Amino acid sequence: MSTHETVETFAPDPDFAAQANARAEDYERASADRLAFWDEQARRLDWSTEWSEVLDWSDAPVAKWYVGGTLNTAYNCVDRHVEAGNGDRVALHWVGEPTDDARDITYAQLKDEVSRTANYLSSLGLVAGDRVAIYMPLLPETYIAMLACARLGLTHSVVFAGFSAQALRSRVDDAEAKVVITADGQFRRGKPAPLKDGVDEALGDSLDSVSGPAESVQKVLVVRRTGIDVDWQSDRDVWWDEVIPEQSADHTPEAFDSEHPLFVLYTSGTTGKPKGIIHTTGGYLTQASYTHHVVFDHKPGEDVYWCTADVGWVTGHTYGVYGPLSNGATCMVYEGTPNSPDEHRHFQIIEKYGVSIYYAAPTLIRTFMKWGRQIPAGHDLSSIRLLGSVGEPINPEAWRWYRDHVGGSAVPVVDTWWQTETGAIMISPLPGVTAAKPGSAMRPLPGIDVSIVDGDAREVAAEDQGYLVITEPWPAMLRGIWGDMERYRDTYWSRFAEEGYYFAGDGAKWDADGDLWVLGRVDDVMNISGHRISTSEVESALVGHDAVAEAAVVGAADDTTGQAIVAYVILRESADDSEERHRALIDELRAAVSRDISPIAKPRDITVVPELPKTRSGKIMRRLLKDMAEGREGGDTSTLSDPTIIDQIKSKGVKG
Ligand code: PRX
């Protein structure tokens, strides 16, 4: 990580500060009375029934925020803007991957489409609390589907369309989804790729099916996107364009309890099975909306706001959909990859639509750096007035490059730390108020209390590394893990149970100025291009292959992706021990991981090894594997059962 010596500090720009949504006194107000502060922020939304209490923490760690309050999320994100006279404002500037494909959707149009879709979903007999899986590329219909679910109180589970059929199936089963919404295919790097095929495979009715029929699923609603051929089950599958347009555009939203589950989103934990993180309505929307307003300094009707994350991730939920739409934002939505048809695509979009707020992941910024400064320099990016970063620590070099070459040197850069579990941004500079330092997430937001502690829950001194904990409940906090409240308590609340701290799983430090630096995960979770993948998830995919006896996976530093997956495998005994066979197996193993999890989880390197470094008690010493993967020599091998093992791996391992 960054060393403190090289750090520059950028003071807030006075012109920016003069117009900023955030004020320095917000910090004082929130620390004087945290719940009064959150009470005030909730009033930015429209509620049908007022709450009787801001927070009920009597059943900790299960929180209730805005007790007894009722509201409708879709009404807050759509209808109220139309009622306020902003129906003609563009809600979504959607751009498809093929260059001639674009659609603008106003708030009034969005209201009609969401209402039609809600009417259709109700006609299927779905009622509030039922689950709907959404497995879609970034299309207007994806937004419409999510908002239609929210309007009806259906809990959506968005599954990233890059995930495998197997991953989709386990999520559909875990949440017992009644409906799956998908598309025939998606455009990727200029070509249509099938998507519905994966759904058929997941649901158990194709020859390649992952297992028997998925019992819970009654309907599959399919958006026609690419026109590629699909198999069809006429009693189950329905084309979106054959049922939605004929529905009435009138739909009266019902208000739901503040604690009604809005969505479940699966994320990797330290064990193999992804966790369904539960988010509810009132607290989530309050913090999503407030943070979008202040961290991005968003001005409705003026800004064009672009969060580049896919809706398959939490960033896409909170800052692609709910945060911005609750604030009446005009959002850029781009379906494809940043280099399709070439590396200019994002910059062309910024220029054409006058994007003013741009929010991306460090891995994308480092990719831009590799492509070279001449690419952004070829475009008029003067509309940009704020840049955001999320998903992994941003190295100072990437931070500066981003500010200089995308932001034209003067704009605030907000490095935002948060997690699927926190639901919304927790630590970030406030533009116009806080200074910024390349590489630092700076300060917890007003109303958020964090600490950095050692293993005994004692606060660490400045410059000392410790565990990042959240010391007070916050409105957008997860309410549990779907179907497994025990795991919820265990994973997040048992490490510092006595103090009642939430354990984030990240290491961090305060610098001498009292600013916070997030240093990366302290558990077995890797961060690949901002995506969370657990080492054990990849290990179980590898040992799922017949030829593999044992596997160990580590995350190794990588210039572009932040971390890369590096795997070491021991093969079962075989008559054929040739290097050729090992190489063929390495290819098979990569394919197996891709199929079981996602291409994102494919190891960069796989080495077939005779043995793994283990302690005398048989525990794999990942630290040594990580040293080796990152090219470091000479770690302490004294506790190994066989101290020569590292040399053996280096001399005999077959790497591919
Ligand atoms: O390790 C932290 C890292 O991403 C993890 C959360 O991953 P996920 O739930 O997938 O959500 C990503 C988008 C919010 C964290 O535990 N992380 C996220 N943002 C930052 C970060 N690490 C350093 N700096 C950040 N700004």
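**Close-up views of a predicted model**

**View 1. Helix H5 on strands E4 and E5.** Helix H5 (residues 107–123) lies across E4 and E5 and runs at about 90° to E5 (contact: heavy atoms within 4.5 Å; axes: lines fitted to C-alpha atoms, for helices over the stretch in contact, with angles from 0 to 180 degrees between N-to-C directions). Helices (H or I, at least four residues) and strands (E, at least two) are DSSP runs numbered from the N terminus. This is a predicted model, in which local features need pLDDT of at least 70, side-chain atom pairs count only at pLDDT 80 or more, and totals for chains, interfaces and linings use all residues. Residues are numbered from 1 along each chain as its sequence is written, and side-chain values use heavy atoms, with hydrogens and water left out.

**View 2. The open sheet.** Seven strands, in the order E5-E4-E17-E16-E18-E19-E20, form an open sheet with mixed pairing (pairing: at least two DSSP bridges between two strands). Strand E5 (102–106) and E20 stand at the edges with a single partner strand each, so one side of each has no neighbour in the sheet. E4 (residues 90–95) pairs with E5 in the antiparallel sense over five bridges; valine 95 stands opposite alanine 102 in E5.

View 3. An oxygen atom of the ligand is 2.7 Å from an N or O atom in the side chain of arginine 521 (polar contact: a pair of N or O atoms within 3.5 Å). A ligand nitrogen atom is 3.1 Å from a polar backbone atom of glycine 391, and a nitrogen atom of the ligand is 3.4 Å from a polar backbone atom of proline 393.

How values were computed: A polar contact is a pair of N or O atoms within 3.5 Å; within protein, one must be able to donate a hydrogen and the other to accept it, and residues adjacent in sequence count only if both atoms are side-chain atoms.
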